[in-house]
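Here is a short briefing to read alongside the model. Have a look at the structure first, and then we can walk through a few of its details together.

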Amino acid sequence: MDFSGFDIAIGALALLVLVLLIKGIRTIPQGYNYTVERFGRYTKTLSPGLNFIFPFIDRIGAKMNMMEQVLDVPSQEIITRDNAIVGVDGIAFFQILNAAQAAYQVSGLQNAILNLTMTNIRTVMGSMDLDELLSNRDAINERLLRVVDEAAHPWGIKITRVEIKDINPPANLIESMGRQMTAERNKRAQILAAEGLKQSQILEAEGRKEAAFRDAEARERSAEAEARATQVVSEAISKGDVQALNYFVALKYTEALGRIGTATNSKIVLMPFEASSLIGSLGGIGEIAKEVFRSEGTTGSQRQAARPPVVRTTDN
């Protein structure tokens, strides 16, 4: 079958259109932006989806990842304000917001962010003492984030987070810090022990004070009762009632004999002859004493302890 010149031209034209379509249609994956350059000059940015460019005139420039990315900051030594040398490493998170700026405003974006972060870590942490570095990590991260994000803003990126992972002081410094912590804990323990002893002594003194007050109050009540009993006996005597006096004296002797009978020493008591005559003349004091002793003892040992003492009288 012979092809005429027209058929060949149509075929060539269809082939050219097919090539143009293949070269001109671009599919951009999600999370990426492509820059387009025309004769080497930036013209536009292609977003995710199906896009068309002019073949042989336009070309794809930079393929920028628009997702948040992580950048590991390697360890470096930092000299603090108090001349302590510590090793510090960290991590940075960033996201490209403007693909054109990130592609054409800086060369080697990730390397630029890495060096910018490392430089600011030395600047920020070098202006602080070691104790501040160890205790104010959140403040350091916040300050680093603010400084690095402000410096990287012209590049069309957003620094979302800067974190210090590890702060490693020298071994001898760690040992000194351990001894300091131990001394501080011992100091606090001694202070707490002293406070506890002080509180215990205060409570003990207050207890003694309360007990003395209660004892004094009891003695006062006993003295009042004794005074009242004496007053009653005096009034009875003044009225001519001699039995009240006998009862009062017998009660006192009974109490005295009761204390003597419960003593642990010998139960032999030597008393003057006049005293025994006085006891005999009280009219029943022996019976009263026996009744008292009998009511006090319930067991054999208690009855033995409550047995009336042997009274031996002697002439003066």
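The protein exposes about 21,300 Å², and carbon and sulfur atoms supply 57% of that area; accessible areas come from the Shrake-Rupley method with a 1.4 Å probe, and for residues only the protein chains shown count as cover. Please keep in mind that this is a predicted model, in which local features need pLDDT of at least 70, side-chain atom pairs count only at pLDDT 80 or more, and totals for chains, interfaces and linings use all residues. Residues are numbered from 1 along each chain as its sequence is written, and side-chain values use heavy atoms, with hydrogens and water left out.

**Overall picture**

- The secondary structure comes to 10 helices and 10 strands, taken as DSSP runs numbered from the N terminus (helices: H or I, at least four residues; strands: E, at least two).
- Of the 316 residues in the protein, 27% are buried (under 20% relative accessible area; exposed is over 50%, partly exposed in between, with a 1.4 Å probe and protein chains only).
- Among contacts (heavy atoms within 4.5 Å) between residues at least 6 apart in sequence, 65% join residues at least 24 apart.

**Around N51**

- N51 belongs to strand β4, residues 49-52, and it counts as buried because its relative accessibility is 16%.
- The side chain of N51 reaches the backbone oxygen of S47 at 3.0 Å.
- Leaving aside residues up to four places away in sequence, N51 touches G24, I25, R26, I28 and L46.

**Aromatic rings**

- The count comes to two aromatic pairs, where rings of Phe, Tyr and Trp (its six-membered ring) pair if their centres lie within 6.5 Å; planes under 30 degrees apart count as stacked, over 60 as edge-to-face and the rest as tilted.
- Y42 and Y104 form a tilted pair, 5.6 Å centre to centre with 55° between the planes.
- This pair links distant parts of the chain, with Y42 in strand β3 (residues 41-46) and Y104 in helix α2 (residues 99-104), 62 residues apart.
- Y42 is partly exposed at 31% relative accessible area, and Y104 is partly exposed at 37%.
- The ring centres of F52 and F54 are 6.1 Å apart and their planes lie at 75°, so this pair is edge-to-face.
- F52 counts as partly exposed at 43% relative accessibility, and F54 is partly exposed at 46%.

**A charge over a ring**

- The charged end of R161 sits over the ring of F93, 5.3 Å from its centre (NZ of Lys or CZ of Arg within 6 Å of the ring centre and within 35 degrees of the ring normal).

Notes. Polar contact = N/O pair within 3.5 Å; in protein donor to acceptor, adjacent residues only side chain to side chain.
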